[in-house]
Amino acid sequence: MSGLVLLIGLPYQDKRLQTTPETVVARRESKGGMAMKRLLSIVLLLAVALTLHCGKKPEQIKVGILLPLTGPQAITGLKIKNGYEVAVDEINSRGGIASLRGAKITLVYGDTEGKPDVGESETRRLIEKKGVCAIVGCFQSSVATATTALAERLRTPYVVDNPMADEITERGFAYVFRITAKSSWMARDQMRFLKDIGAKTGKNVATIALLYEDTDFGQSNAKGQRESAAEFGYRVVADFSYSSQTSDITSTIVKIKRINPDVILATSYDTDAVLIVSTMAQLKYKPTLGFVGSTGGYINPHFVSAAGALSEHVLTSSLWNQDLKKPGAREFYDRYKRRFGEDPVPQDAIAYAAIYVLRNALEQSRSTDRDKIRDALAKTEIRSGPADILPYDVIHFDSSGQNMDVSLVMVQIIGGQYVTVWPFDVASENAIWPTR
Amino acid sequence: MDISVLLQATINGLLIGGVYSLVAVGLTLIFGVSRIINFAHGEFLMLGMYLAYYVNAKLGLSPYISVLICIPLFMALGAVVQTVLVNPVMKGPQDIQILLTVALALFLQNAALRFFYPTVRGLSIRSSTYSLSVGNTLISFPRLAASIAAIGMILALYSLLRYTGIGKAIRACSEDREGAFLAGINVGRIFAVAFGIGIACAGIAGALIAPFYPLSPFTGTVFTLTAFVVVVLGGMGDFLGALFGGFLIGVCESLAAIFIPASLKQVVSFGLFVLILLFRPSGLFGRKREWLTV
Amino acid sequence: MSGSPFRLSGPGAIGYVGWGILVLAACLSLVVPFLLSPYVLHLIILVLLYAYLSQCWNIVGGYAGQLSLGHALFFGTGAYTSTLLFLHYSVTPWAGMLIGACCAATLGLAIGFLCFRYGLKGPYFALVTIAFAEMARLVALNVTVLGGASGLQIPLHEGAGAAVFQLSNLSAYYVIYGMTILSVLIVNAMRHNSIGYFLLAIREDELGAEAVGVNPRKYKLVSLVASAFLTALGGTFYAQYYLFLEPNSSLGIGVSITFAVNAIIGGRGTILGPILGSLLLTLSGEFTRSLVTYGGAGVHMMIFGAILMFTCIFLPEGMVPTIAKRLNPKRTC
């Protein structure tokens, strides 16, 4: 500002130094007028500068969001979008990023269409064309694996919120940070649940059947489940994959019914989750002790409305539930419901937390420089505040970028509602076990 | 392998096979009459499912009543689609015709995505969970109803084609377009009617499976591919071939899923498909004719 | 089947001036990449990649007139072969490219032999190609060695062989640029060679061609094998560019349809057709995707489907021949 004033003030100085007879006469005559004019213009300049500065819009911080907004996974993609928006609106309405003079966050969306190569294309577009300072996303593990590798090459921090495949944080990347658990940890927590509930009710589990859809989601979950079951001493008596687009799963259910396991551990997306429970009902079959889903289609409220009474007593691992005994959980649920008219899914809660983790990093880094944000993310340690609505005590990342202390809960559909039933100290009700 | 498991799988295969037959009959009719390979066939099935869903949700009517609504509605829809979209390319290269129906499939699927949203829905009616027990095997009521209704529709269609005037006109057009024209048959209108009937078959099948099959805009593709396998198996344009082929494929897929991982069962279908196309292109029943055989 | 305007000699659809402009543009395009932002360069690479792949499809789909909707099989074979060799045996992608292409060519030979020997034509051939590609996809999805559903991730390597592909967009640009020019030259050579005549004859009237002594099976097979070989080269490029490979995006039916659609909308049986088609469709795809907002689910694919239907009804020959007719209405062929 001062530079500008000087620049404009310069001609006045020039004229002073020029002393030709004409200018001397002219100057003598308008000396008083000149002085007035100069004073006036300086005042005007100052006024303009002041208004510009105050009315100046704070910087916009562009954050890229990768989601499947079209294609078969758009179901959940569009829902998770809501979670991001709730968080961003809250942050912006409360003054934006304080350490960057109230700069507001703008979300720039990239539609991955559920495909890794499209995801990579969109990643490039967001980073190179739109100039986002960080990326958050992207729901599907296969897309995440590809896009995080690209973000790493382009040195852009990437907060992975929902994808669970183990390898995402096992490649020694520096720019990738994952909030949610690895799928092998979910398997481990599922076994822990079975052990605990067996001890509590006396109905112990001996045999497990694995039923999973055949893409990355199902296959990586099943792998984790096989390994954990061996560790905990459970026998896997059936191991069946199926295509999530199948029109008929009767044969597989018939096989399982014949084998008669204690528990079925299922990994499905939305359509197949409904197909499985309705096929089981038609075959009048329920596993001896319980049916346990592994997030995915089972924690989507549409599962309850589409499957109706058939969904009753289905258990599933979950990363979040609205009845968690955590201060912000209920408020988040209410705010989301008020704004969008439907229940949030757990992926919404993690997306919400992810934005707050990023905000935290922006506050700490005081900059939109990607490397600085990356460093701030690495030092994240959140124990309270809006991000703390997830069922564990602290969000912090180890050197591989993985959130270290993530744990999952087990929820059960009771009376058409998702109820947290494990771990017992955060449960709101007792589990119904066996589930028949 | 337990015999009861095999028996259950066979029964299930037969039940879903009835629906496959209905869908395939529609496809083969369209092909037999106008030589169009309708890649969008499954999408009309999906639309039939959504129709049943919304009729049930808004008007409280059972999907089996939706079937009655489907018939005139989808016939009209089919006729319009044929006249507006398919007709202009009928005289052109076959590849363009294929591409047109592929484009139509893409359009319909994404229109459904846009207007019905990708949320998966279930249509539950009282009879959705009924099943009959015959010894050790369970026969699910909605599947049985779907199968029986499908067979009924096929038989009705068969009688129509075999014994009525319009049926004869359709067969004439399929055997010899120009000859039929010269005989005074309005060929354009017959094409539209045939297309309409074919689409109606798909739509009806959709309404029939709605009570036990989860709805989503992407349901159509799977049925399109299966319908192709059935049609090829039965002989393209062979009506009865499609009928028996549907049951055969239903049972084969069901049994195959017992022995191999379910996600690979489609490989069996495709393998069969290729073998038949190569070595017995006139279909298993080998009635060597290129037009609609009834 | 009505053919598109097809000249076997002379300047072709666009005239001498047209070729002159093209050559000038080609020279410029060698230099321009240095001035462009990385994202724009990425878009151009995409356009060139699909132009190349569609041009390869054009050999069998346009010139030979056999509608293949399973070219993803060859594409994926090239991609997976070179990637697996690179990951497990450290074979440089340049060699892997050729090996993969040979594998794909063998597959093309087998499929072509089966299909053409048994006289599969038109839609039947299309259906068989779809079936083969789908089977390959299902196998890749379920076999762990091939990465299964998680796919294969290619790590960055500093080795000289890989470096050209991976180090920067710039080198990728030149590689795909070279490949596109190569495909154009091959197709052009084919057109002006006797094989071009034979394929034209087979396409327009197979029985008649056979009657005058042209062996349709042999030439259709040759075109399929050549097309498979070249498509697989593109597959390797794709794998090395994205550094990630999975069954649905490399062997899925959508991939096959893309190759065919680019060529058909642009103009089958012409050299410029696939290039123009790729330019239009790839760019509009990227553009409409960035417009997706609330309630936009499926809209851009709806529009794509509608455009495709429109093209089938009103411009069945594709854009290049239609434009050519407009520019030069006196042409009879």
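The following paragraphs lead through a predicted model, from its chains and their contacts to single residues.

The confidence scores come first. The model as a whole scores ipTM 0.82 and pTM 0.80. For chain C, the average pLDDT is 83, and 88% of the residues score at least 70. Among the elements of chain C, helix α3 (residues 72-89) has the highest mean pLDDT, 93, while helix α6 (residues 160-166) has the lowest, 55. Residues 1-9 of chain C have a pLDDT below 50, although this stretch makes 29 contacts in the model beyond near neighbours in sequence.

Chain A contains 13 helices and 12 strands. Of its 436 residues, 56% are buried. Among the contacts in chain A between residues at least 6 apart in sequence, 68% join residues at least 24 apart. Chain C contains 15 helices and two strands. It has 333 residues, of which 54% count as buried. For contacts in chain C between residues at least 6 apart in sequence, the share joining residues at least 24 apart is 79%.

The contacts between chains may be considered next. Where chain A meets chain B, 32 residues of chain A and 29 residues of chain B take part. On the side of chain A, at least two residues each come from α3 (74-93), β7 (235-242), α8 (250-259), α9 (270-282) and α10 (301-307). The largest share, seven residues, belongs to α9(A). By class, this side of chain A has 13 nonpolar, 13 polar and six charged residues.

Chain B also touches chain C, in a contact that takes 36 residues from chain B and 34 residues from chain C. On the side of chain B, the helices α3 (63-90), α4 (94-116) and α11 (265-279) each supply at least two residues. Of these, α4(B) gives the most, with 15 residues. The residues on this side of chain B divide into 28 nonpolar, six polar and two charged.

Within chain C, two pairs of helices show how elements can pack at contrasting angles. In one pair, the axes of helix α2 (residues 38-63) and helix α7 (residues 169-191) of chain C come within 9 Å and cross at roughly 25°. Because this angle is under 35 degrees, α2(C) is roughly parallel to α7(C). The crossing of α2(C) past α7(C) is left-handed. Their contact has 19 nonpolar, six polar and no charged residues.

In the other pair, helix α8 (residues 194-204) and helix α10 (residues 216-242) of chain C have axes 10 Å apart and pack at an angle of about 110°. Angles of 65 to 115 degrees count as roughly perpendicular, so α8(C) is roughly perpendicular to α10(C). Here too, α8(C) passes α10(C) in a left-handed crossing. On the side of α8(C), the residues involved are C:Ile195, C:Phe198, C:Leu199 and C:Ile202, and they meet C:Pro216, C:Tyr219, C:Lys220 and C:Ser223 in α10(C). Six of the residues in this contact are nonpolar, one is polar and one is charged.

Single residues complete the picture. A:Thr420 lies in strand β12 (residues 417-422) of chain A. The distance from A:Thr420 to A:Thr147 is 33 Å, C-alpha to C-alpha, and the two are 273 residues apart in sequence.

Most residues other than glycine have a negative phi, and most peptide bonds are trans. In the segment after β12 of chain A lies A:Pro423, and a cis peptide bond with omega about 0° joins A:Trp422 to A:Pro423. A:Pro434 is also placed in the segment after β12 of chain A, and the peptide bond from A:Trp433 to A:Pro434 is cis, with omega near 0°.

A:Thr295 is not a glycine, yet has a positive phi of about 55°. This residue sits in the loop between β9 (290-294) and α10 of chain A, and A:Thr295 counts as buried because it has 26 C-beta neighbours inside 10 Å. In chain C, C:Leu243 has a positive phi of about 60°, although it is not a glycine. C:Leu243 lies in the loop between α10 and β2 (244-245) of chain C, and with 20 C-beta neighbours inside 10 Å, C:Leu243 counts as buried.

Definitions and conventions:
Residues are numbered from 1 along each chain as its sequence is written. Chains are lettered from A and ligands numbered from 1 in the order in which they are written. This is a predicted model: local features need pLDDT of at least 70, side-chain atom pairs count only at pLDDT 80 or more; totals for chains, interfaces and linings use all residues. pLDDT is the predictor's confidence in each residue, from 0 to 100. Helices (H or I, at least four residues) and strands (E, at least two) are DSSP runs, numbered from the N terminus. Two residues are in contact if their C-beta atoms, placed from the backbone, lie within 7 Å. Ala, Val, Leu, Ile, Met, Phe, Trp, Tyr, Cys and Pro count as nonpolar, Asp, Glu, Lys and Arg as charged, and the others, Gly among them, as polar. Axes are lines fitted to C-alpha atoms, for helices over the stretch in contact, and angles run from 0 to 180 degrees between N-to-C directions. Angles under 35 degrees count as roughly parallel, over 145 as roughly antiparallel, 65 to 115 as roughly perpendicular and the rest as oblique. A crossing is left-handed if the near helix is turned anticlockwise from the far one by less than a right angle, and right-handed if clockwise. A residue is buried if 20 or more other C-beta atoms lie within 10 Å of its own, exposed if 12 or fewer, and partly exposed in between; C-beta atoms are placed from the backbone.
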